[in-house]
Amino acid sequence: MEPTEPRTSWTFVTHHARILVMILRDPETRLRDMAESCGLTERAAQAIVTDLENAGYLTRTRHGRRNHYRITPGTHFRHPAEGPHEIADLLNLLAGLDTPPDEETLSTSTAPSTSTAPSATAGTRPGPKGTHA
């Protein structure tokens with residue numbers, strides 16, 4: 001059977017998760033950068049940040065002319081199926097995906113990851129952009 005085109009354009013990771021990962025990597029990332037990275041308008045990125053803040057997933061404080069974001073430790077998934085699990089594991093996984101693994105790695109890897117990505121529960125800020133493993 002030949003592969004067919006998908007009925008819709010969808011992804012496994014939502015814009016909300018992508019924005020949380022960007023904040024994990026750089027707590028002072030700009031809305032403009034979030035929007036550009038996700039293919040959104042700044043207004044849409046602002047609405048997502050507001051959703052996340054209102055739901056308790058992050059806090060936002062003003063540092064001069066910049067916002068500083070902090071992911072709230074211990075937060076759980078919203079859907080009941082994943083509700084007992086903290087989002088930190090998913091965010092740490094996504095933060096460590098700087099380059100896609102090759103197909104052979106995906107089909108043969110069973111060892112746990114030894115990623116050096118910043119931790120979603122860490123209280124320290126990750127290094128400058130471009131230095132993530």
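Begin by selecting strand β1 (residues 58–63) and β2, which pair in the antiparallel sense over six bridges. The model on display is a predicted one. Within this pair, select R60 and then Y69 in β2, for Y69 is the bridge partner of R60. Next, move to the hairpin of β1 and β2, where two residues lie between the strands. Here G64 adopts a positive phi near 65°.

Now display the side chains of strand β2 (residues 66–71), which alternate along the strand. N67, Y69 and I71 point to one face and are buried.

Turn next to the helices. Two packed helices are described by the angle between their axes and the distance between the axes. Select helix α1 (residues 15–25) together with helix α2 (residues 31–38): they pack at an angle of about 130°, with their axes 10 Å apart. That angle makes α1 oblique to α2. The crossing of α1 and α2 is right-handed. To view the contact, select H15, R18, I19, M22 and I23 in α1, which meet D33, M34, S37 and C38 in α2. The residues of this contact comprise five nonpolar, two polar and two charged.

The angle between α1 and α4 is about 75°, and their axes are 9 Å apart. The two helices, α1 and α4, are therefore roughly perpendicular to each other. In this contact, A17, L20, V21, L24 and R25 of α1 meet L91, N92, L94 and A95 of α4. Seven nonpolar residues, one polar and one charged make up the contact of α1 with α4.

Conventions: Residues numbered from 1 in each chain as written. Predicted model: local features only at pLDDT ≥ 70, side-chain atom pairs only at ≥ 80, totals over all residues. Heavy atoms only, no water. Axes fitted to C-alpha atoms, helices over the stretch in contact; angles between N-to-C directions. Helix = DSSP H or I, 4+ residues; strand = E, 2+ residues; numbered from the N terminus. Parallel < 35°, antiparallel > 145°, perpendicular 65-115°, else oblique. Left-handed = near helix turned anticlockwise from the far one by under 90°. Contact = heavy atoms within 4.5 Å. Nonpolar A, V, L, I, M, F, W, Y, C, P; charged D, E, K, R; others polar. Buried < 20%, exposed > 50% of the residue type's maximum accessible area, 1.4 Å probe, protein only. Pairing = 2+ DSSP bridges.
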